[in-house]
Amino acid sequence: MSAPLSQIEPAGEKPRILFVAEAVTLAHVARPAVLARALDLGRYEVHFACDRRGMDMLTEPSWQRHAIDTIASQVFLDRLAAGAPLYQRDELVAYIARDRQLLGQIKPAAVIGDFRLSLAVSAPLEGVPYINLTNAHWSPYAAQKRFPLPEHALARLLGPGLGQCVFDLARPVVFASHARTMNRLRREHGLPLLGGLTDVYTWGDHVLYADVPELVATRKPPANHHYIGPVTWSPPNDPPAWWDRVPAQPPPIYVTLGSSGQVNLLPEILGSLADYSGQVMAATAGRIEVAQAPANARVAKYLPGEAAAARSAVVVCNGGSAPVYQALAQGTPVIGVASNMDQYLTMGAVERAGAGLLIRAGQANGRRVRLAVDRVVEQSSYRQSAGRLAEAIRQYDTGIIFNRLLASLVA
């Protein structure tokens, strides 16, 4: 359980490091947890703050855990789908107040946040160095400047082609409106404005890109922006009883739509793969019950994602950076059924690299997924491209890079 703030011991010799996770999706808790596990507990005292619904992932008894409130995941996903600002003013005000309470009582040497946008106000006000964990496609310095139209009303009304043209014209105004509340709060607290949405998403004393530049490139980022490689994670659950009985040949297909994908498509996707010659392994993340799975399908709530990707011919996922990098780190190509902007940006990079295919969630069905699977399995170029990215990923030891950066900052 979280230690009451009044019971936290005065700072000793070990610097305190605070991780703050925004538990609107599983990935935003998993990534900082992976970095926290990489720290030397003989050198640092680890504090971890997240919503109670993410506490089950924090199994380390040596960490001091602190409960904070996060907006409901469904509220977040609904706003994301509607293209609305993700946070209202009163929510950010409450976040800032809770952040400042934590920072003032814990007095960390640094705070690491994953999509905890309020830290762009609370950390500088409390004089705590803020390390922002994010993705390079949100960077103002990203080499790819065009933002794809996600599954938005424009795409449904005008179609993806014309909708994209309208979105390109409207995007500067839309992004400015999404950044307005945060900039107003910074101004009210005497902090300089940040500019547009990409600045809001990536501001920090140091910015960590959970990417490799071979997939998501930037142009002339400042010295406080760092690539640390993908931060991948698999649940600690034991694999299901059928795990060791899945034949290696033909290689299976791994399907996971995660905590934010169009999970209602899962039964149709499994049905479209019913005549695939190999097995199909599917993870539901507890979001759907598959009443009648095809004979060649094996379904579980969670699977060891990296191991599942390593043994598979292709990974079918929601296109988010977490499952995509799990696959690419194993040299396995990816099919992403993308719905939100983050997923489109990730899968756009994968397509440009030749390591997979993007399917719009608004146009996705079993047949489209099956055609994409057949194409990726039959054309060796996709696996070759994924293999090149796997080699690039192996050059990044994320834990070592993070420890070196933190040591230099704390020193």
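User: Is Val 166 buried, partly exposed or exposed?

Analyst: The model is predicted. Val 166 has a relative accessible area of 32%, so Val 166 is partly exposed. Its place in the chain is helix H5, residues 153-188.

User: How do I read a salt bridge, and how many are in the whole structure?

Analyst: Side chains of opposite charge can pair when their charged atoms come close. A search of this whole structure gives 14 salt bridges. One of them joins Glu 45 and Arg 16, with 2.8 Å between the closest N and O atoms. Because Glu 45 is in strand S2 and Arg 16 in strand S1, the pair ties together parts that are 29 residues apart in sequence.

User: Are Glu 45 and Arg 16 buried or exposed?

Analyst: Glu 45 has a relative accessible area of 18% and is buried. Arg 16 is also buried, at 4%. The cut-off for buried is under 20%.

User: Which residue forms a salt bridge with Arg 116?

Analyst: Glu 22 does, the closest N and O atoms being 3.2 Å apart. This pair links distant parts of the chain, 94 residues apart: Arg 116 sits in the loop between S4 and H4, Glu 22 in the loop between S1 and H1. Both residues, Arg 116 and Glu 22, are buried. Another salt bridge, at 3.0 Å from N to O, brings together the side chains of Arg 89 and Glu 188. Here the distant parts are helix H3, with Arg 89, and helix H5, with Glu 188, 99 residues apart. Arg 89 counts as partly exposed because its relative accessibility is 39%. As for shared partners, salt bridges join Glu 22, Asp 99 and Arg 116 into one network.

User: Which residues have the most contacts inside the largest nonpolar core?

Analyst: A nonpolar core is a set of buried nonpolar residues joined through side-chain atoms. The largest one here has 32 residues, and Phe 19 and Phe 48 have the most contacts inside it. Two or more residues come from each of strand S1 (16-21), helix H1 (27-37), strand S2 (45-50), strand S4 (110-114), strand S5 (130-134) and helix H13 (398-410). H1 gives the most, with 5 residues. Apart from this core lies another, of 31 residues, among them Val 212, Tyr 227, Ala 300 and Met 347.

User: What does Phe 48 touch?

Analyst: Leaving out residues up to four places away in sequence, the contacts of Phe 48 include Leu 18, Phe 19, Val 29, Leu 58, Trp 63 and His 66.

User: Which residues of helix H2 are buried?

Analyst: In H2 (residues 73-82), Phe 76, Leu 77 and Arg 79 are buried. They cover an arc of only 160 degrees around the axis, which puts them on the same side of H2. The buried residues of H2 pack against helix H3 (89-106). Just after H2 comes Gly 83, with a positive phi of about 75 degrees.

User: Against which elements do the buried residues of helix H4 pack?

Analyst: They pack against S1, H3, S4, S5 and H5. The buried residues of H4 (residues 119-126) are Leu 119, Ala 120, Val 121, Ser 122 and Ala 123. After H4 comes Gly 127, whose phi is positive, near 70 degrees.

Notes:
Residues are numbered from 1 along each chain as its sequence is written. This is a predicted model: local features need pLDDT of at least 70, side-chain atom pairs count only at pLDDT 80 or more; totals for chains, interfaces and linings use all residues. Side-chain values use heavy atoms; hydrogens and water are left out. Helices (H or I, at least four residues) and strands (E, at least two) are DSSP runs, numbered from the N terminus. Buried means under 20% relative accessible area, exposed over 50%, partly exposed in between (1.4 Å probe, protein chains only). The arc is that of the directions from the helix axis to the C-beta atoms. Contact means heavy atoms within 4.5 Å. A nonpolar core is a set of buried Ala, Val, Leu, Ile, Met, Phe, Trp, Tyr and Cys residues joined through side-chain atoms within 4.5 Å. A salt bridge is a side-chain nitrogen of Lys or Arg within 4 Å of a carboxyl oxygen of Asp or Glu.
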